[in-house]
Amino acid sequence: MLLLIVGVFISFASQSAFAQRDKNINRSYFKQLGEELPTPNVYRAGSGAPGHQYWQQKVDYKIQLTLDDEKQRITGQETITYHNNSPDVLDYFWVQLDQNMRAKDSDTYKTSTGTLNEKNTLRGIAYITGNSDFEGGFNIEAVTTTDGKALSHTINRTMMRVDLPTSLKPNEKYSFQIKWNYNIQDQLKYGGRSGYEYFEKDGNYLYEIAQFFPRMAVYDDVNGWLHKQFLGRGEFALEFGDYEVEMTVPADHILGATGVLQNPDEVLTATQKERWEKAQSSDVPVVIVTQDEATKAEKSKAKGTKTWKFKADNVRDFAFASSRKFIWDAMSVKMPNGKNVMAMSYYPKEGNPLWGQYSTEVVAHTLEVYSKHTIDYPYPVAISVHGPVWGMEYPMICFNGGRPEEDGTYSSRIKYAMISVIIHEVGHNFFPMIINSDERHWTWMDEGLNTFMQFITEQEWQRDYPSRRGDAKNIVDYMKGSKAGIMPIMTNSESIPQFGNNAYGKPATALNILRETIMGRELFDHAFKEYSKRWAFKHPKPADFFRSMEDASGTDLDWFWWGWFYTTDHVDISIEDVTFFEPNSLSAAVETTKEEEALSITQQRNKTAIAKTRLERRPQLADFYNSYDDRMTEADAKRNYEDYLSGLTDEERNFIKQNPYFYQIDFKNMGGLVMPVIIEFTYEDGSKEVQKIPAEVWRMNNEQFSKVFMTKKKVTSILLDPELETADTDTYNNSYPRIEVPTRFELYRRGNYSSPNPMQMQKKKKN
């Protein structure tokens, strides 16, 4: 116990519980991001909002295509109208040819790397050797003016430059045409964000079709033409525009697509139209095409074709799904602004009962929660499709996985994976389909923000929802891993080793920590919503997000962006030393009279080893000090204490009477990331108290600091981050005294294990 003497002179004695540490190390985590962020200008303001001269291009498409169900092939033609809203004169266009990443000579195959294992799939061998047997890629048949004259064009892998006959000046528009075809890949064999699934039992195909047409590249104030090659990971950067699309498919196919169906009388039966009308005023799913009707269509296989016509305004892309296997259900969802949106699902019978029970309800739930936290969902429909693609997003439509066993049972893992992927992909309508960030460069701006919103939406679906990402504790293993396999979040999409953790998990966790631990929900939610409102239907960059969050919350977060987004440091704050101080009270003074110095080991053994000391043999050698006891009596201690109190002021005497306790805690930043310090004190009476110290406590020294805490009760233990909300990677050094946590292991036999399916086991018991 240490005494803190209150008076004109204050003396301290210290007794370390842990070893001393290096001092005066400063890594300047609190420097401003002036050098990292671009200079604000008339296009992008320092507040993070669009500048007063912000502009973006507009591209309109009129597309006609045919889906060949015999050859699994798309043939199409399009008229593109490009509106030059920039202040620049354009002499050529850049067009994205994303299907060319599947061409046999693509850079995707040439640059693929990997190793062979003892067991390898044909797909895996083809990928790592670059020898695909699939004839992929666009076949560009013609690039012409609207009156049929050939336009000079040059194909550079996944990009095509189209040379204009005359320069396109600001505020002018230009239309041209492209004809093309390509083969649709077997998605389960070759992978990808679209493709077909073949159902061998009934001999039918299910198509999920995207990136099916040449699309204009973005031209903006930051990059000019954004024509970075598509290698397969960094997704898309696209301009907004209006679409009119006509899709000719087998006559018995049911088709769902971006936008609003324009010719229901030509493609739907009277019964289907009646059910559709009912669904538009129903707050529960209404089945428009039943499972019995879909099963009947699987067997009949009509020979003719139908053309489905869709129109979509102010979207950045277009996708569709088509199959005779589709069951179709829909319901109406009321947005906060009073507008009704149709939530819909298309799925084969193989998806039931899971899809019929959950999909459309999950779509509706996602629209409601995201609208609350961002902007009201502005489009007329939102669709979830079940097919071969596990999870991929497009405006108003997304492709999702999660299929029950053939007997209709499913594991909890499949159930929640399905719900989560639907939330995630429907959520992408907001990021990046509306808040239109550049996916090719910055995956985290849509995947990270969307995964964060997915976490919030999951938790509003079910209180004990088993979310994979969002909670701080779930990112710890990644954060403490080998730095060789970790890149900063601010890394280009094509250069990230651990893509899921880096672009999805870490930014989502960072935002949740901002919301729950650093800013608080009120400040965070307002700022996040403000960012969403500012950049809806525009092209935000990372700096626009960082600046908007600070501007709308009144919070300097540069230290946070720097640590979490620009470095690979992790959170590991350690309690190094704890020193207890107590004011010089009467009880403390009296206690000193009772202390007796312990005998050393030598002194103890000499009691028997030495029969008599010289002093004991010759008592005449004794003097005053041999009999003097330098320890105070209790009466002496009380008298001295009264003398001490008489020299204090009234304020100092009142302070002493409160008998407070003081704890100096020395903290060390072992992981690099500066974070708020959350401390839980446990007292002698069993009660607990939590104190939160803002991250700015590290501003003078990023490596270590000491802080004194005053308590009214005696502390028995101290714990850092008791709710595991900062992603601290080493909880052992979070406690004082240290708490030993056993590392658990499990005995197992080698073998093939599948996910537990209690539903299936219960069904087997009944049978």
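At what angle do helix 7 and helix 9 pack, and how far apart are their axes? I started my notebook with that pair. I am working from a predicted model.

**Entry 1: helix 7 against helix 9**

I looked up the packing of helix 7, residues 354-373, on helix 9. The angle is about 115°, and the axes lie 10 Å apart. The crossing of helix 7 over helix 9 is right-handed. Next I listed who makes the contact. Helix 7 supplies Tyr 358, Glu 361, Val 362, His 365, Thr 366, Val 369, Tyr 370, Lys 372 and His 373. Helix 9 supplies Asn 450, Met 453, Gln 454, Ile 456, Thr 457, Glu 460 and Trp 461. I then sorted the contact by class: seven residues are nonpolar, six are polar and three are charged.

**Entry 2: Ser 371**

I stayed on helix 7, where Ser 371 sits. Is Ser 371 buried or exposed? Ser 371 is buried, with a relative accessible area of 1%. I checked what its side chain reaches. The backbone oxygen of Leu 367 is at 2.7 Å from the Ser 371 side chain. The backbone nitrogen of Tyr 377 is at 3.1 Å from that side chain. Setting aside residues up to four places away in sequence, I find Ser 371 touching Met 335, Pro 336, Asp 376, Tyr 377, Phe 430 and Lys 529.

**Entry 3: salt bridges**

I ran through the salt bridges next. How many are found in the whole structure? The search gives 39.

Lys 189 and Asp 133 meet through their side chains at 3.7 Å, N to O. Lys 189 belongs to helix 3 (187-190), and Asp 133 to the loop between helix 2 (122-129) and strand 5 (139-145), so this bridge ties together parts 56 residues apart in sequence. Lys 189 is partly exposed, at 40% relative accessibility.

Glu 439 pairs with Arg 316, and their closest N and O atoms are 2.4 Å apart. Here the bridge links distant parts of the chain, 123 residues apart. Glu 439 is in the loop between helix 8 (412-427) and helix 9 (444-461). Arg 316 is in the loop between strand 18 (305-315) and strand 19 (320-323).

Arg 534 pairs with Asp 551, with the closest N and O atoms 2.6 Å apart. Arg 534 lies in helix 12 (521-535) and Asp 551 in helix 13 (542-553), so the pair ties together parts 17 residues apart in sequence. Arg 534 is buried at 14%, whereas Asp 551 is partly exposed at 40%.

I also noted a network. Asp 202, Glu 298, Lys 325, Lys 349 and Glu 350 are joined by salt bridges that share partners.

**Entry 4: Met 342**

I finished on strand 21 (residues 340-347), which holds Met 342. Met 342 is buried, with a relative accessible area of 7%, because buried means under 20%. I then listed its contacts, leaving out neighbours within four places in sequence. Met 342 is in contact with Trp 276, Ala 279, Gln 280, Ala 330, Met 331, Ser 332, Pro 380, Val 381 and Ala 382.

Definitions and conventions: Residues are numbered from 1 along each chain as its sequence is written. This is a predicted model: local features need pLDDT of at least 70, side-chain atom pairs count only at pLDDT 80 or more; totals for chains, interfaces and linings use all residues. Side-chain values use heavy atoms; hydrogens and water are left out. A salt bridge is a side-chain nitrogen of Lys or Arg within 4 Å of a carboxyl oxygen of Asp or Glu. Helices (H or I, at least four residues) and strands (E, at least two) are DSSP runs, numbered from the N terminus. Buried means under 20% relative accessible area, exposed over 50%, partly exposed in between (1.4 Å probe, protein chains only). Axes are lines fitted to C-alpha atoms, for helices over the stretch in contact, and angles run from 0 to 180 degrees between N-to-C directions. A crossing is left-handed if the near helix is turned anticlockwise from the far one by less than a right angle, and right-handed if clockwise. Contact means heavy atoms within 4.5 Å. Ala, Val, Leu, Ile, Met, Phe, Trp, Tyr, Cys and Pro count as nonpolar, Asp, Glu, Lys and Arg as charged, and the others, Gly among them, as polar. A polar contact is a pair of N or O atoms within 3.5 Å; within protein, one must be able to donate a hydrogen and the other to accept it, and residues adjacent in sequence count only if both atoms are side-chain atoms.
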